[in-house]
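Colleague: I have a model open and would like to walk through it with you. Can we start with a pair of helices?

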Amino acid sequence: MTTTSWVESSGFISSHVLTNATPSTIATAALVTVVLIALTTRLISNSWGPLKGKDGTWSVGVAPYWFPLLGHIPILMINPDRFLRKLRDASAHGIFAVNLGGSIHNLAHTPSLVEGIFAQRTAVETEEFSMFILNRFFGVPRSFNKRLAGLFKGLTQSISMCLMREPGLGKMLAGSVTSMNEHIPNLVSFASRPIDQSLWERASDADVWRSLKENGEADLAVEANFFPLLRNFMGHIATPLLMGQDFMDNYPEVLQDIWDLDYGLTYLIAGIPRWVPIPSLGRALRARERLNRKIADFHSAMDLAEDSKDPGSEWRDFSDISDALKDRYRLWRENKIPPRLRSDLPLLWAMNVNSNNICFWLILRILSTPGLVGRIRTEIEPHVHASQPGNVLGLAEPPRLQMSVAGLREECPLLKSCYFEALRLDSAPLTIKHIVKDFIVTEDEKDAPGNARSFALKAGEYVHIPFDVHQSDPRYFSSPELFIPERFLVRREGPGGKLEVDIGTLRPYGGGVAICKGKLFAEGEVLAFVAGIIALWDFEPVSGHGWQIPEHVRASGVTLPKSDIRVRVRRRKLEIGGG
Ligand code: HEM
């Protein structure tokens with residue numbers, strides 16, 4: 001059929017359909033049209049494979065898709081894991097591209113390409129994306145973007161100084177471990193009335209459970225929902241460390257608001273309007289308003305104190321605020337930024353969402369691997385002194401805990417290897433960068449044996465690093481779906497070779513200029529938290545079916561569990577009179 005006859009006949013079809021239109025013929029015509037458009041789009045997009053340029057570099061192949069305008073958005077919303085892993089497995093190279101609403105997004109996942117992208121300083125930029133997240137997710141008004149851009153460098157530098165370098169890092173870690181030593185013995189209170197329980201127990205629906213053991217001894221435990229118990233408990237340790245105890249006391253719902261905001265992440269970033277009736281979107285918006293308002297109140301109170309005025313009886317002490325936050329405060333104030341625009345929410349959020357979640361996954365992975373908790377308790381013993389003081393006037397004292405974070409970081413390779421393995425399995429971060437200048441990135445022979453290529457990436461496009469695509473790649477991690485505690489252990493050469501940990505190609509904290517500024521702090525706090533918890537407490541799943549690993553729900557970095565686990569928490573029997 002010639003083009004003219006096709007147009008004429010389609011004109012005939014449409015006028016025929018319109019003049020004889022019934023609801024079912026209109027529906028059929030609409031369906032036929034959609035199918036025709038989808039087939040044509042698929043046919044055209046199928047031909048966008050990688051092409052070799054005159055200079056020997058290759059373009060990145062765009063995966064075929066069915067819907068014009070939308071491109072791969074529908075499939076990425078339905079099942080991103082399956083789709084991305086399928087593309088990875090179908091390609092001999094570590095990069096492919098997708099179309100998102102008309103713009104091209106390159107996705108790189110093999111180590112050499114990822115390192116090549118991280119090494120770019122001027123060809124890619126992250127500030128635009130950070131600003132987008134600040135506006136869409138954290139609710140920073142767009143009218144403030146220009147002024148905020150001028151402060152970006154200073155704000156990032158202050159976090160780096162306080163969290164990535166000494167003495168700031170050591171001070172934060174020491175504060176964190178002191179707080180853990182004090183609080184971990186009180187993970188559960190064994191109080192049955194919610195009014196007598198701590199906030200993390202109430203958040204996890206904790207209840208006292210009593211029974212008799214076979215030998216007639218009393219068996220006392222607390223039943224609680226595992227995930228909220230651990231993540232709220234950790235949040236109650238981490239948040240005052242950053243913001244000071246007064247902030248936490250004046251705003252006890254802060255953690256629930258952070259979790260609610262996090263659950264709305266996808267909707268907020270997608271820009272779904274607030275009137276759309278999605279319950280988690282509404283909750284996230286209300287939580288964000290409260291968070292930003294409370295942070296503004298906190299800054300107003302600091303301003304009053306700084307001006308030697310009374311900040312009110314609820315703000316008694318600002319001396320325990322972290323150096324990171326104090327530095328930011330100085331910067332906001334010197335630049336005359338009003339309290340309502342001092343966006344400290346991203347830091348408060350970053351402090352809580354990833355570390356707290358990975359503590360849950362790591363403890364769960366340790367408990368659910370036969371024999372592992374015993375091996376780790378033996379390994380951490382020299383660095384975690386747990387003891388039970390004798391009764392005072394007939395009353396039981398809580399156990400005592402004394403941990404050395406340096407020992408846990410440097411002398412406990414099995415625990416650290418398990419931490420990396422949990423990050424490999426249970427985190428799925430994504431880095432997005434806007435390409436502002438054409439650049440070439442080259443594959444290593446190791447990643448594409450006998451077939452390594454250089455790829456030309458174009459200004460105006462985007463480059464993403466979906467870390468979990470590499471983390472689940474069987475070419476780099478054998479049996480990638482299994483938790484293998486020793487996966488990152490290596491034995492140093494030579495007689496009596498020491499066991500060490502090698503993170504290999506895993507990059508759970510991103511890389512390049514936007515690398516996670518809390519990575520060293522996070523590692524220390526997670527290892528200490530997990531060591532302290534397993535040193536003092538025993539856990540048992542209530543279900544009676546053994547430990548089950550829940551499915552993942554994607555979140556900002558570390559995933560959330562799709563379902564919770566009800567556990568029985570018991571004090572471990574410790575040597576009496578120690579400490
Ligand atoms: C296990 C815990 C953590 C993981 C897995 C993690 C992971 C990440 C990742 C993947 C990024 C994005 C990097 C990129 O775009 O390339 C990031 C950014 C960041 N993280 Fe973390 N993070 C953790 C804990 C923390 C903690 C405890 C803090 C703060 C106290 C923190 C502060 C930050 C900050 C400030 C950024 C933004 C860096 C920038 O844009 O310059 N993170 N994190």
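Colleague: How do the axes of α17 and α21 cross?
Modeller: The axes of helix α17 (residues 372–380) and α21 come within 10 Å and cross at roughly 110°. Axes here are lines fitted to C-alpha atoms, for helices over the stretch in contact, and angles run from 0 to 180 degrees between N-to-C directions. Helices are DSSP runs of H or I with at least four residues, numbered from the N terminus.

Colleague: What do you call that arrangement?
Modeller: α17 and α21 are therefore roughly perpendicular to each other. Angles under 35 degrees count as roughly parallel, over 145 as roughly antiparallel, 65 to 115 as roughly perpendicular and the rest as oblique.

Colleague: Which residues make the contact?
Modeller: On α17 they are Val373, Ile376, Arg377 and Ile380, and on α21 Ala531, Ile534 and Ala535. Contact means that the C-beta atoms of two residues, placed from the backbone, lie within 7 Å. Six of these residues are nonpolar, none is polar and one is charged. Ala, Val, Leu, Ile, Met, Phe, Trp, Tyr, Cys and Pro count as nonpolar, Asp, Glu, Lys and Arg as charged, and the others, Gly among them, as polar.

Colleague: Before I go on, what kind of model is it?
Modeller: It is a predicted model, where local features need pLDDT of at least 70, side-chain atom pairs count only at pLDDT 80 or more, and totals for chains, interfaces and linings use all residues. Residues are numbered from 1 along each chain as its sequence is written.

Colleague: New topic, the ligand. Which residues come nearest?
Modeller: There are 27 residues around the ligand, and Asn354, Pro429, Gly510, Cys516 and Gly518 come nearest. A residue counts as near if its C-beta atom, placed from the backbone, lies within 6 Å of the molecule. α7 (145–163), α16 (345–368) and α21 (519–536) are the elements that give two or more residues to this shell.

Colleague: Which one gives the most?
Modeller: α16 does, with six residues. By class, the shell has 16 nonpolar, ten polar and one charged.

Colleague: And where does UniProt put the transmembrane region?
Modeller: The unreviewed UniProt entry places it at residues 25–44 and 56–78. Such positions use the numbering used here, feature names are shortened, and annotations may be inferred rather than shown by experiment.

Colleague: How much helix is there over residues 25–44?
Modeller: That stretch is 100% helix and 0% strand, with its end C-alpha atoms 28 Å apart. Residues 56–78 are 26% helix and 0% strand, and there the end C-alpha atoms are 37 Å apart.
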